[in-house]
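Hi everyone, thanks for coming. Have a look at the structure on the screen, and then I'll walk you through a few parts of it.

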Amino acid sequence: MRGSEFDGGRERSLEPAVGTRRDHGAHERSALVERDGPLERLEAGLAAARRERGMLLSVEGEAGVGKTAVVQALIDRNAGRARVHRGACEHFTSPETLGALRDIARESGGRFTLRNSGAYENFESLLHLLSHGAGPAILVIEDIHWADEGTLDLLRFLARRTQNRPILIIVTVRSDEEDSRGRVARFWSTIPRDAYDRIFLQPLSLQGVERLLQTPDAARVHALTGGNPFFLTEYVAGGGGGVPRAVQDATLARLVGLEPEARNALVCASVFPGQIHEQILRELTSDPSQSAVESCLRSGMLQETRGGLRFRHELARLAIEQSIAPLRRRELHERILARLKNQASPRAAELLHHAEGARSAIDITRFAQDAADEARRLGAHREAAAYLSKALDAGGELTDPQRAGMLEAQAEAAEAGGEFATALAAADAAVALRRKLAAAAPLGNALRIAAKANWQVAAVDRADACAHEALDLLQTQPDTWEYASALTVRCLLDMVAGRERQAIEHGQQAMRIAARLGRFDIYAYALVHSGVATCCIDLDTGLRQLRDGVEEARRVGAHNELADLHAALIYVLAHQRAFEELDRFLAPGIEACRARDRWAQEVFILGGWALSLCDRGRYSEAIEAVAPTMSGRAVGIMAIPAMLASARAGLRSGGPFEELLTTVRAALPDRPDLLRLVPLAILDVEGSWLNDDNADAAERLGWAVEKVMEAWGESWALGDALFWLKVAGRPYVTSAAQLATLADHHRLFLEDRWRESAEAWERLGCPYEQAVALSHGDEPARRAALAIFDELGAAPAARKLRRDLRADGVRAVPAGPSKARRAHPAGLSYRQAQVLERMAEGLTNPEIAERMGLSAKTVEHHVSAVLAALEATNRMHAVNIARERGLLPS
C-alpha cells in the first residue's frame with residue numbers, strides 16, 4: 001500500500017456489539033479471560049438496579065484492553081431480562097453535541113426523540129424512558145473521553161437520580177487518552193461519591209495469555225503485546241506469522257492478507273469515524289454486490305450492529321486511515337462529503353468532519369456554523385463557541401459583516417459557557433470590524449457584548465467605557481432589542497458599583513422594552529441585576545422579585561435564564577443566611593446551569609452554597625463543595641464567592657487560607673465593587689483578630705464600610721462588616737436609624753447585648769458567630785464559646801480564646817481536645833474514630849446514626865470533623881487516607 005505510516009489508535013470493542021445480525025467465523029466470539037471480577041461487579045450493579053438502587057459504573061482501561069467486551073458479556077448474560085440502550089461518543093474532529101443521545105434516539109423506536117428545546121427536557125425525557133418499562137434498564141455510553149460537555153452533563157444529571165430507580169448506567173473510558181484525562185477527572189469530581197463506582201481493567205497476565213493461546217510461545221507474545229487483548233486478537237487473527245511489535249503492524253499484517261477488493265473496502269471504510277454509511281461505501285468501492293464488505297465481515301475487521309457497519313476496533317480503523325496517502329484520503333473525504341450533502345437531515349458534526357478532511361474552507365465554514373446553531377439550541381454553549389472558532393479560522397469567503405456577526409455569536413456563546421478569555425478576544429475583534437464598517441447600531445451591539453466580556457474578566461473600567469458608548473450609539477433606537485440589551489449591561493455595572501438606584505432605573509427600562517418585544521431573555525437578565533440592586537435597598541421586595549422571576553422562567557420554559565435567576569437568588573439568600581430556602585433552590589439551580597451549559601453560574605451558585613456551609617460550621621463540606629471549581633477551568637469574577645468560601649473555611653478550621661486570599665485579591669476587578677470587596681475585608685479582619693493584630697485590616701474594613709454608607713447603606717452586607725469591626729475592637733459609629741435597619745443578630749451585638757445576639761445567631765444556625773458573641777460575655781459564656789469552637793474544630797478561634805482567658809486570669813481553662821483525641825494518631829475523638837470505621841464500611845450518615853444511636857445531625861458534624869482532621873476532600877478520600885496511615889482495624 002502507498003503511504004503506509006501507522007501510529008496510535010483507538011479501541012472500539014473486542015467483542016461484537018449487541019444486535020449483531022451476521023456471524024462470520026471464529027473472530028466473532030472469544031472467551032473472556034481474567035474478567036470474572038469486573039463482570040461480578042457489573043452483575044452486582046445490575047442486581048442493585050433491579051432493587052431500584054441504581055448507580056453509575058465506569059469500565060476503564062487502556063485502548064484495546066476489552067472494556068466493551070466486558071460490557072457486552074453483561075448484556076449477553078442478561079438478554080431478555082434487562083432493557084438496553086446504547087450510545088457512543090465518536091472520535092470526530094470536534095465532539096458532536098449530545099452524539100450518544102442521537103444513537104439512543106435512533107434505536108428507541110420513537111420512544112425517545114432529541115428535541116431542540118434544550119438539554120434539560122432531553123435529560124428528563126431519557127430519564128423517563130429508563131425509569132419505565134419491564135425490568136431494569138441498562139444505559140451504556142461508550143468512550144466518554146471523547147464526549148462533549150453536554151453528554152457529561154447528562155451523566156451528572158442521571159447519576160444524581162438513579163439511586164431510587166431501576167437504572168444501571170455504564171460508561172467506558174480510555175485511561176490512556178492524554179488529551180481528555182483532566183476533563184474526565186473533573187467529571188468524576190462533580191458527581192456524589194456514593195452515586196458511582198469505577199472498574200479498572202488491567203492487561204492480561206502471563207497466565208491469562210497462556211490460557212488464551214495455549215502455546216509455548218505465550219511468554220514471548222505476552223512480553224511483546226503487554227497482555228493487551230486487542231494486540232493478542234490481532235496476533236491470533238494474523239496467524240502468528242511473526243509476532244507484531246505494535247498494533248499498527250498487526251493491523252497491516254491482516255490487511256495484506258485480504259483480497260485486493262476487501263483491502264480497498266477497508267481503506268474506504270476507515271475514513272468514516274463510527275458508523276459507516278453502507279450505500280456510500282458501495283459507491284466508493286464500486287462494489288454493488290457487497291462481496292468485498294462481506295469479506296471484511298468474515299475477517300472480523302468489520303462488524304454489523306443495529307446501528308450499521310462499524311470497525312470492530314477503533315484502533316484498527318485509525319491505523320488504516322493513517323496509512324492512506326494524503327491525497328487519496330482527501331479525495332475520499334470529498335466524495336463522502338458530496339454524497340452526504342444530498343442526504344435528508346445529515347449530521348452537522350459529521351459533515352464538518354469530512355469537510356475538514358477535504359480541506360474545503362467554504363464547507364468548513366458552512367457546516368461549523370450549522371453545528372454551532374444546533375449546539376446553541378441544545379444549550380451547549382462551549383461546543384457552539386468551538387464550532388464557530390473553526391468556522392472563523394476557515395473563513396470561507398466571509399464578508400466583513402458576516403465575520404463580525406460570527407465573532408459576536410462566538411463571544412456570546414463563550415461568555416455563556418464560562419470561556420471568558422475566548423469571549424473577550426472575539427468581542428474585541430468584532431468591535432474592531434464594526435468600527436471599520438461604521439454602522440452605529442451594529443457597533444453599539446458589539447460594544448454591549450464587549451462590555452459583558454470585559455466585566456467577566458474583571459476589567460471594569462473597560463466594561464464601563466464600552467457600555468457607555470453602546471448606549472450613546474443605540475439611544476436613537478429606543479424600542480429595539482439591542483438598546484434593551486445594552487441597558488441590561490448598564491444595570492449590571494451600576495449594581496456592582498453601588499449605584500443601585502441607577503441600576504434599578506436602567507433595569508426597569510430594559511424590562512419594559514423587553515416585555516413589549518416579547519424578549520424574556522432580555523427581561524430576565526435585567527431582572528437579575530435590578531433585583532439584586534433592589535435587595536440592597538429593600539430586601540423583602542428584591543427577594544420577591546427574584547423568586548417571581550424564577551417562577552416565571554419555569555412557567556415559560558426559559559431554562560437559560562433560570563440559571564442566572566437562581567444564581568442571583570441563591571447569592572442573596574446565602575448572605576441573608578436563609579439556609580432552608582437556599583437549600584430548596586440549590587438543586588434546581590444546579591440543574592438549570594447544567595441543562596444549559598452555564599458553568600460560570602454553577603460556580604457562582606456553589607460559591608454561595610459553600611459560604612452558607614461555612615456559616616453553619618461545616619467547613620470540610622464547604623471546601624469539598626467548591627473543590628471542583630477551584631481545580632477546574634477559570635471562570636473569572638464569578639468564582640470569587642467560591643474562593644472566599646474556601647478561604648473562610650480554611651481560616652476557621654486551621655487549614656491553608658493565605659494563598660487563597662491572595663488569589664481572591666488578584667481576581668478582584670481593576671476597580672473593586674463593594675459586593676466583593678466587603679466580604680474580603682471582613683475575612684482579613686477575622687484573620688487579623690485570630691492573630692491579635694487588628695489595626696491594618698480593621699482600617700481597610702472601616703474604609704469599605706464608609707463606601708457602603710455612601711453608596712447604599714444596604715444592611716445585608718453592612719451588618720457583617722459592623723459586627724466584625726466591633727469584634728476587632730474598632731467599632732464604627734452608627735446612628736440609631738442605621739442600627740434599626742440591621743438584623744437582630746447584628747444589632748444586638750452592636751448594642752453590647754452579647755447574650756441576646758448569641759441567641760439570635762443560634763436561632764439562625766450560625767454556631768461560629770454564636771461563639772464569637774459569647775466570647776464577649778462573662779466567664780461562663782466564654783467557656784461555652786470555647787466548647788463550641790472545640791466542637792466545630794475551629795482550632796484558631798479556640799486557641800485565641802484560651803489565650804485571652806488565661807491572660808484575664810481565668811483558672812482551669814479547659815485544655816482543648818480530650819486525652820483520647822490527643823492519643824489518636826490523627827487527633828480524632830473516640831466517637832469520631834468510631835464514625836470513621838463506619839464510613840469505611842460504606843455506611844451513609846443515617847445508617848451510621850442508627851448503628852451508633854446518634855442523631856443524623858451529630859453524625860454529620862463528626863463526619864465533617866473527620867474530613868477536616870485527615871485533610872480529605874470527601875468520604876472516600878478520608879477512608880483511603882485512614883487505610884494508608886493504618887488508622888483502621890485490619
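**Around F789**

Leaving aside neighbours within four places in sequence, F789 is in contact with Y768, A771, V772, A794, A797, A798 and L801; contact here means heavy atoms within 4.5 Å. A word on the source: this is a predicted model, where local features need pLDDT of at least 70, side-chain atom pairs count only at pLDDT 80 or more, and totals for chains, interfaces and linings use all residues. Residues are numbered from 1 along each chain as its sequence is written, and side-chain values use heavy atoms, with hydrogens and water left out.

So where does F789 sit? F789 belongs to the largest nonpolar core, which has 201 residues, and is among those with the most contacts inside it, along with L266, W455, L701, W724 and Y768. Helix 27 (residues 559-576) gives the most to this core, with 11 residues. Apart from it lies another core of 39 residues, including A105, L152, V173 and L378. By core I mean buried Ala, Val, Leu, Ile, Met, Phe, Trp, Tyr and Cys residues joined through side-chain atoms within 4.5 Å, with buried being under 20% relative accessible area (1.4 Å probe, protein chains only). Helices are DSSP runs of H or I, at least four residues, and strands are E runs of at least two, numbered from the N terminus.

Next, helix 15 (residues 326-341). Which of its residues are buried? They are R328, L332, H333, I336, L337 and L340. What covers them includes helix 11 (260-269), helix 12 (278-285) and helix 14 (314-323).

Last, a hairpin joins strand 6 to strand 7 through 2 residues.

Notes
Pairing = 2+ DSSP bridges. Buried < 20%, exposed > 50% of the residue type's maximum accessible area, 1.4 Å probe, protein only.
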